[in-house]
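Here are my notes on the model, as numbered points. Please read them with the structure open beside you.

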Amino acid sequence: MIAVFAALNGLLAVAVGAFGAHGIADPQAKAWIATGATYGLGHAVAALVAEPRSRAAAWAMTAGAFV
């Protein structure tokens with residue numbers, strides 16, 4: 001179940017990052033969106049890595065990314 005949420009988180013991060021790169025004109029907004037997309041991808045990978053060791057940590061990473 002965590003893998004599904006991590007995959008959705010990664011998908012959302014890539015989609016928002018692509019929108020920010022191609023659909024936003026304001027340079028400050030582009031920077032914020034790029035930072036958010038980078039953090040979202042990091043959280044998705046961290047949730048997948050943490051799942052076998054600690055389900056609580058994996059859920060925390062997934063929830064933190066959606067927040």
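1. H1 and H3 cross in a left-handed sense. This is a predicted model, and that applies to every point below. The axes of H1 and H3 come within 10 Å and cross at roughly 30 degrees. An angle under 35 degrees counts as roughly parallel, so H1 is roughly parallel to H3.

2. Which residues bring H1 and H3 together? From H1 they are Ile2, Phe5, Asn9 and Leu12. On the H3 side, they meet Arg55, Ala58, Trp59, Thr62, Ala65 and Phe66.

3. The pairing of H1 with H2 can be described in the same terms. Two packed helices are described by the angle between their axes and the distance between the axes. For H1 and H2 the angle is about 160 degrees, and the axes are 8 Å apart. Angles over 145 degrees count as roughly antiparallel, which is why H1 is described as roughly antiparallel to H2. The crossing of H1 and H2 is left-handed.

4. The contact between H1 and H2 involves a list of residues on each helix. H1 contributes Ile2, Ala3, Ala6, Asn9, Gly10, Ala13, Val14, Val16, Gly17, Gly20 and Ala21. H2 contributes Lys30, Ile33, Ala37, Gly40, Leu41, His43, Ala44, Ala47 and Leu48.

5. Next, H1 taken alone. Helix H1 covers residues 2-23, which is 22 residues. From its first C-alpha to its last it reaches 30 Å, close to the 32 Å expected at 1.5 Å a residue.

6. Where do the buried residues of H1 sit around its axis? The buried residues are Ile2, Ala6, Asn9, Gly10, Ala13 and Gly20. They lie on the same side of H1, because they cover an arc of only 100 degrees around the axis. These buried residues pack against helix H2 (27-50) and helix H3 (55-66). On the face of H1 turned away from the buried side are the exposed residues Leu11 and His22.

7. Asn9 deserves a separate look. This residue is found in helix H1. Is Asn9 buried or exposed? Its relative accessible area is 4%, and the cut-off for buried is under 20%, so Asn9 counts as buried. Leaving aside neighbours within four places in sequence, Asn9 is in contact with Gly40, His43, Ala44, Ala65 and Phe66.

8. Val16 also lies in helix H1. With a relative accessible area of 36%, Val16 is partly exposed. Val16 and Val45 are 29 residues apart in sequence, and their C-alpha atoms are 17 Å apart in space.

9. H2 has 24 residues. The helix reaches 34 Å from its first C-alpha to its last, close to the 34 Å expected at 1.5 Å a residue. Its buried residues are Ala29, Ile33, Ala37, Gly40, Ala44, Ala47 and Ala50. They pack against H1 and H3.

10. Last, the chain as a whole. The protein chain has three helices and zero strands, and the elements run α-α-α from the N terminus on. Taken along the principal axes, the C-alpha atoms fill a box of roughly 40 × 15 × 15 Å. Of the 67 residues in the protein chain, 22% are buried. Among contacts between residues at least 6 apart in sequence, 60% join residues at least 24 apart.

Note on methods: Residues are numbered from 1 along each chain as its sequence is written. This is a predicted model: local features need pLDDT of at least 70, side-chain atom pairs count only at pLDDT 80 or more; totals for chains, interfaces and linings use all residues. Side-chain values use heavy atoms; hydrogens and water are left out. Helices (H or I, at least four residues) and strands (E, at least two) are DSSP runs, numbered from the N terminus. The expected span of a helix is 1.5 Å times one less than its number of residues. Buried means under 20% relative accessible area, exposed over 50%, partly exposed in between (1.4 Å probe, protein chains only). The arc is that of the directions from the helix axis to the C-beta atoms. Contact means heavy atoms within 4.5 Å. Axes are lines fitted to C-alpha atoms, for helices over the stretch in contact, and angles run from 0 to 180 degrees between N-to-C directions. Angles under 35 degrees count as roughly parallel, over 145 as roughly antiparallel, 65 to 115 as roughly perpendicular and the rest as oblique. A crossing is left-handed if the near helix is turned anticlockwise from the far one by less than a right angle, and right-handed if clockwise.
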